[in-house]
Amino acid sequence: MIFVSHEIRLKMCASRTPAEWDETFELFVDMTLGYMALNMGQRYLNHVERLPMHTSIRTGHQYMLELLNQHPDRMFNKIRMYRPCFEMLIQVLRQQTTLQNLRYLTLEEQVMIFVYVISQKATNRMAMEDWQHSGSTISVVFTRICKAIASLSQTFIKPPNFDAILDEIRWNPKYYPYFQNCVGAIDGTHIAAHAPADVANNFRGRKSTVTSNMLAICSFDMLFTYVVTGWEGAAHDSRVLTTQLEDPTSGFPYPPPGKYYLVDSRYSNKPGFLAPFLNVPYHLRDARRRAGGINGPTELFNYRHASLRNCIERCFGVLKARFPILRYMTNFSLIRQREIAMCCCVLHNFIRLHNRGDPLFDRYGIDGVMPPSDSDSDDDAPSSSGTARDQGPNSRNDNNFANDMRDRIMFEMYLNYN
């Protein structure tokens with residue numbers, strides 16, 4: 001490139017005739033117009049006409065009215081609850097939360113969208129198509145309803161009554177008076193999870209799938225009385241329980257002296273927690289396979305212990321059958337996944353309290369019913385052998401006291417059995 005000084009440029013300009021200036025100006029105008037035309041043409045070629053997407057004749061509100069007013073099984077198949085229970089839920093949310101109608105969505109439609117997503121393991125795009133709303137609207141509605149229902153956990157997930165003998169025990173000769181001081185059952189279950197790559201290994205359970213561990217206590221009426229969600233799938237059940245026992249802010253409902261929860265052999269036998277005998281057949285399926293029936297007092301104790309503790313397995317069965325999102329979690333943040341699991345437990349209790357004729361509770365509510373095995377969890381791991389892991393500090397005298405109490409129950413049960 002040749003650089004020309006300022007003085008030379010002035011001389012060149014001064015030497016130009018008016019005709020030359022006119023020619024230069026016309027050339028400049030032509031170049032400017034050409035550039036503008038090229039730019040506008042490029043914009044026209046790149047322009048994509050925006051077509052309206054959600055143009056179905058049936059709007060989301062109309063779809064909701066269809067489900068509410070037509071055959072009740074249509075609504076149950078879509079959101080896993082019937083209209084009376086759904087209307088009661090709307091009433092509770094209006095009274096106990098700050099949820100209100102949005103500009104274009106009623107509260108009923110918002111709640112139905114949320115329950116639809118967790119009941120159908122629906123993605124954002126599936127919800128967009130079914131409810132005729134944008135993806136951002138679906139996301140905002142899902143988040144606000146999820147937070148509101150999770151905030152009701154203190155209202156619907158309450159500690160058990162430690163003073164009363166539960167009817168499921170009192171009126172069943174298999175369990176009374178042997179388990180009259182039992183106040184519930186404890187177990188953990190694995191639910192599907194999405195975790196960032198840098199922490200994914202912490203969420204890989206026994207079967208190498210990415211899961212999170214949820215600890216729960218339930219009554220024998222199939223109500224959750226305590227729930228902890230969000231633990232890594234690699235965390236052992238006893239570790240989760242130990243942490244909750246040692247944390248003074250966890251709100252764990254520790255039973256008073258003489259009362260206890262039923263636990264499986266992954267937990268140690270100690271005051272407050274009654275575990276089965278190790279190296280003895282325990283699962284109901286094991287006892288039913290035996291051609292010779294029950295053999296000895298320890299097998300009888302383990303069989304009845306498993307039969308009574310089976311309520312927690314049935315609770316998990318109902319929970320995962322009603323809300324398949326717990327088996328196939330979509331890509332939410334870890335915090336949102338914890339809230340979703342808690343919402344499912346809150347809705348589980350809500351439906352149990354307000355709809356005693358619920359088909360899923362009727363299916364799983366029969367004593368001895370075995371829920372389907374979950375390939376993504378450790379629930380079907382053998383628990384009749386091996387060594388129980390310790391949970392929390394305890395003295396040898398405490399362990400001896402708990403073992404003596406278990407032996408007394410076992411021998412009393414076996415004497416009456418024969």
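Figure 1. Among contacts in the chain with a separation of 6 or more, 71% are between residues 24 or more positions apart. The model shown is predicted. The chain has 16 helices and five strands. Of its 418 residues, 47% count as buried. Carbon and sulfur atoms contribute 55% of an accessible surface of about 21,900 Å².

**Figure 2. The ring pair of Tyr63 and Trp131.** The structure holds 15 aromatic pairs. In the pair of Tyr63 and Trp131, the ring centres are 4.9 Å apart and the planes stand at 55°, so the pair is tilted, the class between 30 and 60 degrees. Tyr63 belongs to helix H3 (residues 60-69) and Trp131 to helix H7 (residues 124-131); the pair links distant parts of the chain, 68 residues apart. Tyr63 and Trp131 are both buried. Arg58 lies over the face of Tyr63, 4.0 Å from the ring centre.

**Figure 3. The ring pair of Phe277 and Phe301.** The ring centres of Phe277 and Phe301 are 5.3 Å apart; the pair is edge-to-face because its planes are at 75°, over the cut-off of 60. Phe277 sits in the loop between strand S5 (273-274) and helix H12 (284-289), whereas Phe301 is in helix H13 (residues 297-322), 24 residues apart. Phe277 has a relative accessible area of 12% and is therefore buried. Phe301 also counts as buried, at 0% relative accessibility. The charged end of Arg406 is placed over the ring of Phe277, 4.3 Å from its centre.

**Figure 4. A cluster of aromatic rings.** Tyr226, Phe252, Tyr254, Tyr261 and Phe273 are linked into a cluster by ring pairs.

Terms used. Residues are numbered from 1 along each chain as its sequence is written. This is a predicted model: local features need pLDDT of at least 70, side-chain atom pairs count only at pLDDT 80 or more; totals for chains, interfaces and linings use all residues. Side-chain values use heavy atoms; hydrogens and water are left out. Helices (H or I, at least four residues) and strands (E, at least two) are DSSP runs, numbered from the N terminus. Buried means under 20% relative accessible area, exposed over 50%, partly exposed in between (1.4 Å probe, protein chains only). Contact means heavy atoms within 4.5 Å. Accessible areas come from the Shrake-Rupley method with a 1.4 Å probe; for residues, only the protein chains shown count as cover. Rings of Phe, Tyr and Trp (its six-membered ring) pair if their centres lie within 6.5 Å; planes under 30 degrees apart count as stacked, over 60 as edge-to-face and the rest as tilted. A charge sits over a ring if NZ of Lys or CZ of Arg is within 6 Å of the ring centre and within 35 degrees of the ring normal.
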